[in-house]
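Take a moment to look over the sequence and the fold shown here.

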Amino acid sequence: QVQLVESGGGLVQPGGSLRLSCAASGSTGGIGAVDWHRQPPGKQRELVATISSGGSTNYVDSVKGRFIISRDNAKNTVYLQMVSLKPEDTAVYYCNALVLFRGKYINSWGQGTQVTVSS
């Protein structure tokens, strides 16, 4: 069994920074492509950033230049570094990854971590 565990959320003032982590735990052989999504209060979940197994990245326009997605394959962990945070970044952030388990990639979601940007 494998699971994704997010951490690093919290309350931060506008202009502040946070780094989210998404770690795969359990009997996994590694992780493939990973996405970060977020769901603001009362709104639909949206894709924020993606990173391929090879390290190629993409971002939604609203976070370009402020968020950086990266990965540490040795730790089966993906990060989302967020700077210059704005109130509109307030949301529950989820990671979604293809996790290698018993020779197959399984699409997995983390439980989410709350990010609140407020003064």
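Leaving aside its neighbours within four places in sequence, which residues is Arg38 in contact with? Contact here means heavy atoms within 4.5 Å. The residues are Gln44, Arg45, Glu46, Val48, Ser62, Val63, Phe67, Glu88, Asp89, Ala91, Val92 and Tyr93.

Before going on, note what kind of model this is. It is predicted, so local features need pLDDT of at least 70 and side-chain atom pairs count only at pLDDT 80 or more, while totals for chains, interfaces and linings use all residues. Residues are numbered from 1 along each chain as its sequence is written, and side-chain values use heavy atoms, with hydrogens and water left out.

Stay with Arg38. It is found in strand S4. Strands are DSSP runs (E, at least two residues) numbered from the N terminus. Arg38 counts as buried because its relative accessibility is 4%. Buried means under 20% relative accessible area, exposed means over 50%, and partly exposed lies in between (1.4 Å probe, protein chains only). The side chain of Arg38 makes two polar contacts listed here. One joins it to the side chain of Asp89 at 2.9 Å. Another, of 3.5 Å, joins it to the side chain of Ser62. A polar contact is a pair of N or O atoms within 3.5 Å; within protein, one must be able to donate a hydrogen and the other to accept it, and residues adjacent in sequence count only if both atoms are side-chain atoms.

Now go to the start of the chain. Strand S1 covers residues 2-7, and its side chains alternate. Val2, Leu4 and Glu6 point to one face and are buried. S1 pairs with strand S3 (residues 18-26) in the antiparallel sense, over 6 bridges. Two strands pair if DSSP finds at least two bridges between them. Gln3 stands opposite Ser25 in S3, and Val5 stands opposite Ala23. S3 is also joined to S8 by 6 bridges, and these two run antiparallel. There, Ser21 stands opposite Tyr79.

A nonpolar core is a set of buried Ala, Val, Leu, Ile, Met, Phe, Trp, Tyr and Cys residues joined through side-chain atoms within 4.5 Å. The largest one here has 28 residues, and Trp36, Phe67, Leu80, Met82 and Tyr93 touch the most other members. Several strands supply at least two residues each, among them S1, S3, S4 and S7. The largest share, 6 residues, comes from S9.

Look next at Ile69, in strand S7. Is Ile69 buried or exposed? It is buried, because its relative accessible area is 3%.

Finally, turn to backbone angles. Most residues other than glycine have a negative phi. Asn76 has a positive phi, near 50°. Asn76 lies in the loop between S7 and S8 and is buried at 15% relative accessible area. Ser84 also has a positive phi, about 50°, although it is not a glycine. Ser84 is found in the loop between S8 and S9. At 39% relative accessibility, Ser84 counts as partly exposed.

Conventions: Helix = DSSP H or I, 4+ residues; strand = E, 2+ residues; numbered from the N terminus.
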